Amino acid sequence: MAGKLKIHVDQDKCQGHARCKSLAPELFELDEFGNAHEVGDGSVPPGLEDKAWLAQTNCPEIAIEVTEE
Amino acid sequence: MSDSVRVLPAHPPVTDWVHDFDHTDPRWTEDPFAIWDELRKESPVVHTNRFQGCYLPITYEAVREIAHDTEHFSSRRVVVRDERPEVQRNAAPPITSDPPEHKPAKQLLLPPFTPDAMKKLEPRVRAICNELIDEFIADGKCDAASDYAKYIPVRAIAHMLGIPEQDGDLFIGWIHQILELGIKDESQLMQAVQEMSAYFAGHIETRKTQPTDDLISTLMKAKGRNGEPLEDSHVMGSLRLLLIAGIDTTWSAIGSALWHLARTPADRERLVREPQLMPLAVEELLRAYSPVTMAREVMKETTISGCPIKPGNMVLLSFPAANRDPAMFPDADKVVLDRKENRHAAFGLGIHRCVGSNMARMEMTVAIEEWLKRIPDFRLDPAGKVRWSEGTVRGPRQLPVLFPKAS
């Protein structure tokens with residue numbers, strides 16, 4: 001059984017493509033410039049793991065890190 | 001004053017695409033994908049002596065490396081032309097800006113183009129799409145490019161800028177001159193730029209005494225890096241950019257999507273049956289039919305994917321070629337409507353990521369949705385011909401289609 005997932009957006013790499021927000025709206029927030037950061041401390045609620053991986057896979061800047069605890 | 005006639009470089013047909021390429025060659029206009037597939041077998045980066053020397057990276061990796069390297073590759077020139085007009089200061093910030101000017105110039109433009117801002121514009125875009133469809137729905141046929149796709153981005157960006165939507169034809173003419181005719185004919189480029197500047201100067205002038213809450217006023221109120229108001233040339237350059245960048249590009253993306261759906265009934269029917277697929281479908285259509293190719297000027301010697309790159313050359317920064325690289329995308333040459341891994345570069349990579357990407361996505365989504373709601377069944381007109389644009393932005397300029405007449 002997979003452990004809990006945690007996501008983190010590297011602010012230096014994020015360029016505001018907003019794919020993550022489109023694919024996993026519960027997990028990401030966009031600032032006034034359209035750049036993304038993880039909601040809260042990045043903990044992925046149960047049931048949203050697939051969305052976390054989908055967001056990571058589709059970031060053109062490879063700015064999203066997904067870690068398993 | 002010299003008596004000699006200025007002879008522009010000729011464009012003889014390309015015979016050896018491995019050591020030469022020409023993105024204005026009719027064979028490229030007809031089917032660039034086959035050319036890139038051939039070239040990728042030879043090298044990740046190829047070169048031509050045309051355009052005073054130009055490289056073409058054709059792998060995702062090579063394109064990504066160049067896009068991220070602002071030290072060796074400058075954005076001061078972003079279109080590959082036969083001639084190299086003198087570099088203008090503030091030509092079109094931030095697309096023509098390098099660090100450190102780039103970031104503050106870009107940040108001014110980001111807030112009006114966030115996904116939330118686009119949600120507010122969406123109802124107007126749906127209305128525009130339906131107004132356009134109303135004009136031809138009873139005919140059973142239309143040109144999906146010149147009767148539909150062409151007008152959507154024009155009217156949307158005019159709305160944001162606070163300029164009359166009916167001036168759309170003026171803008172379209174200038175863009176044709178700047179991005180197509182102007183590649184080989186500098187006088188077309190210059191004339192269009194002059195007319196566009198005069199047009200915007202008028203709008204800037206009226207807003208000095210009567211400020212509005214549109215994008216032109218936003219730019220006029222903006223402050224530069226040191227807190228001072230932006231120079232007039234900067235405001236003008238950014239307005240030019242928004243107009244050019246916001247029209248040809250999205251028009252092309254919408255047109256290409258409708259072209260694909262017209263000739264692929266299975267995909268069309270699937271989207272009608274499963275409208276929740278639209279977000280993934282839009283990304284896949286953007287990948288397969290990326291409209292925009294950018295350029296860079298090589299400032300310092302370097303290597304990219306093992307290929308030597310020499311200063312003084314341009315680079316045709318082909319995001320479309322990157323998006324068709326089978327090393328990055330399995331079945332790269334197929335449209336897989338629900339492709340799950342799609343890290344495509346249609347909106348660029350790195351700091352120059354397209355400012356308008358959220359707007360483009362919204363327009364494209366709405367344009368396809370509204371079309372499919374009212375015209376779910378349509379096909380290419382066998383008696384007509386599809387004509388593709390030439391040069392730096394790719395999309396159908398003529399797209400005759402047939403559909404059942406509305407009863």
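User: What should I know about the model and its numbering?

Analyst: The model is predicted, so local features need pLDDT of at least 70 and side-chain atom pairs count only at pLDDT 80 or more, while totals for chains, interfaces and linings use all residues. Residues are numbered from 1 along each chain as its sequence is written, and chains are lettered from A and ligands numbered from 1 in the order in which they are written.

User: Which way do the residues of strand 1 of chain B point, and are they buried or exposed?

Analyst: In a regular strand, side chains alternate between the two faces of the sheet. Strands (E, at least two residues) and helices (H or I, at least four) are DSSP runs, numbered from the N terminus. In strand 1 (residues 45-48) of chain B, Val45(B) and His47(B) point one way, Val46(B) and Thr48(B) the other, and all are buried. Buried means that 20 or more other C-beta atoms, placed from the backbone, lie within 10 Å of the residue's own.

User: How many bridges join strand 1 to strand 2 of chain B?

Analyst: Strands of a sheet pair through backbone hydrogen bonds, either parallel or antiparallel. Two strands pair if DSSP finds at least two bridges between them. Here, four bridges join strand 1 to strand 2 (residues 54-57) of chain B, and the two run antiparallel. Val46(B) has Leu56(B) as its bridge partner.

User: In what order do the five strands of the open sheet lie?

Analyst: The order in chain B is 1-2-8-5-3, with mixed pairing. Strand 1 and strand 3 (73-74) are the edge strands, each pairing on one side only.

User: Which residues of helix 4 of chain B are buried?

Analyst: In helix 4 (residues 102-109), they are Ala105(B), Lys106(B), Leu108(B) and Leu109(B). Seen down the helix axis, the buried residues fall within an arc of 150 degrees (taken from the directions from the axis to the C-beta atoms), so they line one face of helix 4.

Terms used:
Buried ≥ 20, exposed ≤ 12 C-beta atoms within 10 Å, placed from the backbone.
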